[in-house]
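Here is a short note for someone opening this structure for the first time. Please read the points with the model in view.

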Amino acid sequence: MSTTEITSDSSDKPLLEVHQLAKAFGNLNVFDNLSFQMGPREVLGVIGPNGAGKTTLINVLSGQLAASSGTVLLDRDPISRLPFHARARKGMIRSFQHTNIFSEESVSENLSRAKRFSSSTHTDEDGARSLLDSFGLSDKLDHPAVDLPYGLQKMLGLVMVYITGPRVLLLDEPAAGLESRERILVDQFVETALDRLSCGILIVEHDMDMVRRLCPRLIVLDDGQILAEGDTADVLRRREVIEAYLGVTEEKTDAEG
Ligand SMILES: Nc1ncnc2c1ncn2[C@@H]1O[C@H](COP(=O)(O)OP(=O)(O)OP(=O)(O)O)[C@@H](O)[C@H]1O
Ligand SMILES: [Mg+2]
């Protein structure tokens, strides 16, 4: 970990409150009765086996999918009935497990699109520029996004969510598909977002080293429920968490390189 100390600020006024959230697809109950909170400048990890419902949770929080029941509040403001675009304007912004870029467009056109999507009140172009510099994207602004290596496409996706000026960032597997040496760029992104935007960040990840580095607090989803929640090191030591998830995951991460 570098300069920024990432701390759990859950004692602050909650930024994101989730009450008894449920999502079903027909007869398939993906999750049920999920309740948790996240504070400003907090990084909350969410882990769970494949198919546990992590991406669906992000889809429901961001408004891309309607919840079956339950309530979501952003800054004490109920947003559960708002569509995706309206939530984004309030600063609820998600990234994608794969990428969220427009492949045929240039890097700068992608960034302009993201800016147009933003709430505009919180945008931080200086921060976005410094991220572009650190990621090696500043001299590629005219390149079609599709020509960038996969790692850079993912980093562009992160700058695109950054430039909208999020209040709550929902990151779906930011490290997936990245080489080990690229993964540290995700840490840098998270530190910058905390420092400059003071947002709350929910990170879904299978990379346990990253989860340990970035997330002081952790939720484990399993079988549609919160199996464990609390201090990350404590949670990762619990027998039920190891049995439900950890053995399988470390293998999967190794296989992915
Ligand atoms: N649009 C949909 N319609 C029907 N079922 C869906 C839909 N989206 C997801 N599911 C199902 O919901 C469950 C949870 O999927 P989800 O993608 O949220 O898992 P995940 O925890 O993100 O998994 P992974 O770690 O593999 O990314 C799975 O059984 C999946 O097949
Ligand atoms: Mg997923």
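Predicted model: local features only at pLDDT ≥ 70, side-chain atom pairs only at ≥ 80, totals over all residues.

1. In soluble globular proteins, nonpolar side chains tend to be buried together.

2. Look at Val159 next. Which residues does Val159 contact, leaving aside its neighbours within four places in sequence? They are Leu111, Ala128, Leu131, Leu132 and Leu137.

3. Now the helix pair. Helix H4 spans residues 125–135, and its axis comes within 10 Å of that of H5. The two axes cross at roughly 170°. An angle over 145 degrees counts as roughly antiparallel, so H4 and H5 are roughly antiparallel to each other. On the H4 side, the contact is made by Gly127, Ala128, Leu131, Leu132 and Phe135. Leu152, Met155, Val159 and Tyr162 meet them from H5. By class, eight residues of this contact are nonpolar, one is polar and none is charged.

4. Turn to the sheet. Four strands make an open sheet, ordered S2-S1-S4-S5, with antiparallel pairing. Strands S2 (28–38) and S5 (77–78) are at the edges with a single partner strand each, so one side of each has no neighbour in the sheet.

5. Check one pairing in detail. S1, residues 16–25, runs antiparallel to S2, and seven bridges join them. Glu17 has Gln37 in S2 as its bridge partner.

6. Finally, helix H1. Residues 54–62 form H1, which lies across S1, S2 and S4 (69–74). H1 runs at about 115° to S1.

Note on methods:
Residues numbered from 1 in each chain as written. Chains lettered and ligands numbered in written order. Pairing = 2+ DSSP bridges. Helix = DSSP H or I, 4+ residues; strand = E, 2+ residues; numbered from the N terminus. Contact = placed C-beta atoms within 7 Å. Axes fitted to C-alpha atoms, helices over the stretch in contact; angles between N-to-C directions. Parallel < 35°, antiparallel > 145°, perpendicular 65-115°, else oblique. Nonpolar A, V, L, I, M, F, W, Y, C, P; charged D, E, K, R; others polar.
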